[in-house]
Amino acid sequence: MSQLKSVQEKLRLVRVLRLLKKTYTYEELSKITGLPITVLNRYVRGKVLPSAERTRELLKLLLPYINIEEEVRKRIKFDEYGFFDNMPVLSDTALMSLIAEDIAGRYMDMNVDKVLTAATDGIALGVHVARELNVDVVYAKKKKEVGVEKFYEVSYVPSASGSVTTLYLPQWALKKGENVLIVDDVIRSGETQRALLEMCRQAGAKPVGMFFLISVGDVVDRLKEEYSIPVESLIRLE
């Protein structure tokens, strides 16, 4: 194992421990791992990193205690009208890193060149996934930035608003022939994601898949059928 890979595995263990610490006490983690509480505390705080051998042993012990889908579901907050807030998911950096690992593993063989999303809510997921894939992340905005001369520009009418929305992406952000993975935190109707797909078409780039933390209804199935590319979500809400 290379030195870089070894460090990455150790940092992965730290993220796993930090996530588990939100559910389990140090006493419970000590019983699971057989390690003293003081040692676990140093690992969680990042004060000390375990050896490569101990890292492998601990990951083997601890990963079965993590269910990513369940972790996301229990963080989604619903109000009395059925609207939900997913900020507790997006703000949990340890959880987001583990989600990104899972997504990157699904698309590792797709030779992804860019991760594409829409500002602003998709940026957190996009950055985490792009880091795991070791590629750049680019995102479309609802306004033109000063200093950028040429944009890909797509207008559409979101069903929830009834007004025209336009997304802008600098033309340098996508190049002809690049393989693009589109990600977002939530997909409801699919209009924004279709706009991102249109930007790929304008650039001559190839969308190789789409992934969303949360999908509502059957929109994922409809997009998969419409575009014939892998389209997935971690959580589906009816």
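I take the axes here as lines fitted to C-alpha atoms, for helices over the stretch in contact, with angles running from 0 to 180 degrees between N-to-C directions.

**Entry 1: H2 and H3.** With that convention I looked up helix H2 (residues 26-33) against helix H3 (residues 37-45) in this predicted model, and I found an angle of about 105 degrees between them, with the axes 9 Å apart. On the H2 side I listed Tyr26, Glu27, Leu29, Ser30 and Thr33, which meet Ile37, Leu40, Asn41 and Val44 of H3. Sorted by class, this contact of H2 with H3 has 5 nonpolar, 3 polar and 1 charged residues.

**Entry 2: H7 and H8.** I then turned to helix H7 (residues 93-107) and helix H8 (residues 123-133), which pack at about 55 degrees with their axes 8 Å apart, and that angle makes H7 oblique to H8. I noted the crossing of H7 and H8 as right-handed. From H7 the contact takes in Thr93, Met96, Ser97, Ile99, Ala100, Glu101, Ile103, Ala104 and Tyr107, while H8 brings Ala124, Leu125, His128, Val129, Arg131, Glu132 and Leu133. The class count for H7 with H8 came to 10 nonpolar, 3 polar and 3 charged residues.

**Entry 3: aromatic pairs.** My search of the whole structure returned 3 aromatic pairs. One of them joins Tyr24 and Tyr65, whose rings are edge-to-face at 5.9 Å centre to centre, with 90 degrees between the planes. I traced Tyr24 to the loop between H1 and H2 and Tyr65 to the loop between helix H4 (52-62) and helix H5 (68-73), so recording that this pair links distant parts of the chain, 41 residues apart.

**Entry 4: backbone.** As background, I kept in mind that most residues other than glycine have a negative phi, and that most peptide bonds are trans. Against this I recorded Asn111, a residue other than glycine whose phi is positive, near 55 degrees, and which sits in the loop between H7 and S3. I also recorded a cis peptide bond between Ala119 and Thr120, with omega at about 5 degrees; Thr120 belongs to the loop between S3 and H8.

**Entry 5: confidence.** Last, I checked the pLDDT, which has a mean of 94 over the protein, with 100% of the residues reaching 70 or more.

Terms used: Residues numbered from 1 in each chain as written. Predicted model: local features only at pLDDT ≥ 70, side-chain atom pairs only at ≥ 80, totals over all residues. Heavy atoms only, no water. Helix = DSSP H or I, 4+ residues; strand = E, 2+ residues; numbered from the N terminus. Parallel < 35°, antiparallel > 145°, perpendicular 65-115°, else oblique. Left-handed = near helix turned anticlockwise from the far one by under 90°. Contact = heavy atoms within 4.5 Å. Nonpolar A, V, L, I, M, F, W, Y, C, P; charged D, E, K, R; others polar. pLDDT = per-residue confidence, 0-100. Phe/Tyr/Trp six-rings, centres within 6.5 Å; stacked < 30°, edge-to-face > 60°.
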